[in-house]
Amino acid sequence: MSEVTFGREDIEARLGADGGTSPWTLMEDFSDEIDAESMAETAAVYRRAAGEADTIGDLARTASQVAEDSSEWNGAALADGEGRAGETTRDLQDDGTYMGEVSTLLSQAMDIAVETDDAIHGMVDYAEDDANMEYVLKREVGIAEGEWENWQQFLSYIDPYDPSKGHIVTYDYQQIGEILGLDPQRPAYLAEAIKKHHVKQVAEHATEVATAITDTIEGYRAALTRYGADLGDLGYDLTGGPLQLWSSEEMAQWAVDHINAADPSDDAAMRPYLETLQSLTTAAQNGRKLTEQERDYLDYFFNNLDQGRLRDFTLAAAGRTPVDPGSSNWGSITGTEDSTAQILADAFTVMYDPERGGFDPEQHGLPAEVSGMLHPRYNQYGNRVDPGAEDAADYISDYGQTASFLALASDPPGDSMARLMADSALYTQNLSSTHPEYRTSPNGGSDILLETAARNSDAAAGMLADKEFTNELFDQQWDVSKGAAALVTAGTTVPAGQSEGAYTDALGNVRDVALNDWAAVQHGRGEVGADRELDHSDLEKAVGALLPDSEAAPPF
């Protein structure tokens, strides 16, 4: 190998030093994302499925079954059994009328993926084109090697009998040294200068190619988003079949970038970028467990939302004007009119429900915006309670907005998430009760979180069956006790057709407090601040309803 020869690694090193992006890496990453090699087989799967399916719902199911029956897809079984080939249970509200349109949109999505991949390879893989990356690289290496060889001829100008008459070495309009001696050799610094110059030339071209590739991929993502929105409007489950173009991490990044940049109140502008999120959420709500790729999509999406964005959407939803079905602003023919905040709240709830294939919040970290609210505060000394915090008022405000966001979800939280919400509610209510700086405004967040947790009655029963939790609940001094009352009622009322189990223990613990410490039901435990106006009426009513008829009416 010549002293001036260079390759891809040299170009990428120069790009890295300059903060640039490798066109080779962009090409390879995109090819990996869409898996172009298997796209033809996937297209064949959908063509066959379209001929066998009766409805749009059957199309996704049938495609999954066809894929599962085929030899291999993506180097493994076409469906992995985790959910992709299972039932696609989204209620599509369609009798097959839109089958042709859905099939066309799916074909167009696959076509544009392959065409984009081909176009990108055309910019990078060798072709005799001055714009082609590999061609320019090979050309510049050839020029560099030619220059290096030419310098060997230049050495003949040096008079071997008069070494003082050396040859000045000038390269790229700069004097870089002088060659002297009876046996002159091409200096290493000259090879370095030649190589550096041509690496720079190729790196500049690589930057242009990377920009062109990025623009091409942006165009693809915009088109795929439009196809996804159209498919969603027709009721198709974007993540229900073997075609997973919409649920890649790269598409999650594309979506979240646009959500971060959007006006929080402009639901219409954000809706296309939420289609995948809503599609996989609806599927999970209807009984199909999330796949690993879907979990990863949700995880990436929520962890890349700008800090405070969830609260922004919640505030925007609170001031939102309802849209009636059938109006010009109605979302889609499948009938969805959810705000951005509710779509995200539903997705978040599914994401942290192991029963639906989601994460366990005790084992998988929460996004920073939610984690900072649901987990206890710590001061610089590591103390759990944080009296004197300068941001106490802001914390209570943010806490309430975060609680309002979580409460927007259509379905109850999973067991672990419900417990996390309830523990957080008691912790923050204790801060508000015991430290004046935390009650410059009412702590509505704790009440909201308890009401939200109470929607999972089994979880509520499990909490109240824990005597320590029950005692901590009745320790609190409530400005509004609707949430505490809801938790008590939910956790002590056995659902129809269900065994009593933890509900019996929960009822016993609540009754024990009522019969032995009715004052705790009335106003909690501990000294009540002079600035407090407590309202335990809802809690008193809920607990009183649980007492045996033979007992005297409280107070005791």
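**Exercise 1.** Decide how helices H18 and H21 are oriented to each other.

*Solution.* Step 1: helices are DSSP runs of H or I with at least four residues, numbered from the N terminus. Step 2: the axes of H18 and H21 come within 7 Å and cross at roughly 50 degrees. Axes here are lines fitted to C-alpha atoms over the stretch in contact, and angles run from 0 to 180 degrees between N-to-C directions. Step 3: angles under 35 degrees count as roughly parallel, over 145 as roughly antiparallel, 65 to 115 as roughly perpendicular and the rest as oblique. H18 and H21 are therefore oblique to each other. Step 4: H18 passes H21 in a left-handed crossing, a term for a near helix turned anticlockwise from the far one by less than a right angle (clockwise would be right-handed).

The model is a predicted one, in which local features need pLDDT of at least 70 and side-chain atom pairs count only at pLDDT 80 or more, while totals for chains, interfaces and linings use all residues. Residues are numbered from 1 along each chain as its sequence is written, and side-chain values use heavy atoms, with hydrogens and water left out.

**Exercise 2.** Which residues of H18 and H21 meet, and how do they divide by type?

*Solution.* Step 1: contact means heavy atoms within 4.5 Å. Step 2: on the H18 side stand Ser 457, Asp 458, Ala 461, Gly 462 and Leu 464, and they meet Ala 502, Tyr 503, Asp 505, Ala 506, Asn 509 and Val 510 of H21. Step 3: these residues divide into six nonpolar, three polar and two charged. Ala, Val, Leu, Ile, Met, Phe, Trp, Tyr, Cys and Pro count as nonpolar, Asp, Glu, Lys and Arg as charged, and the others, Gly among them, as polar.

**Exercise 3.** Find the buried residues of H18 and the helices that they pack against.

*Solution.* Step 1: buried means under 20% relative accessible area, with a 1.4 Å probe and protein chains only (exposed is over 50%, partly exposed in between). Step 2: in H18 (residues 457–464), Ala 459, Ala 460, Ala 461, Met 463 and Leu 464 are buried. Step 3: the buried residues pack against H16, H17, H19, H20 and H21.

**Exercise 4.** Describe the crossing of H10 and H11.

*Solution.* Step 1: the axes of H10 (residues 275–285) and H11 (residues 292–303) come within 11 Å and cross at roughly 135 degrees. Step 2: that makes H10 oblique to H11. Step 3: the crossing is left-handed. Step 4: Thr 276, Leu 277 and Leu 280 of H10 make the contact with Glu 294, Tyr 297, Leu 298 and Phe 301 of H11.

Definitions and conventions
Helices (H or I, at least four residues) and strands (E, at least two) are DSSP runs, numbered from the N terminus.
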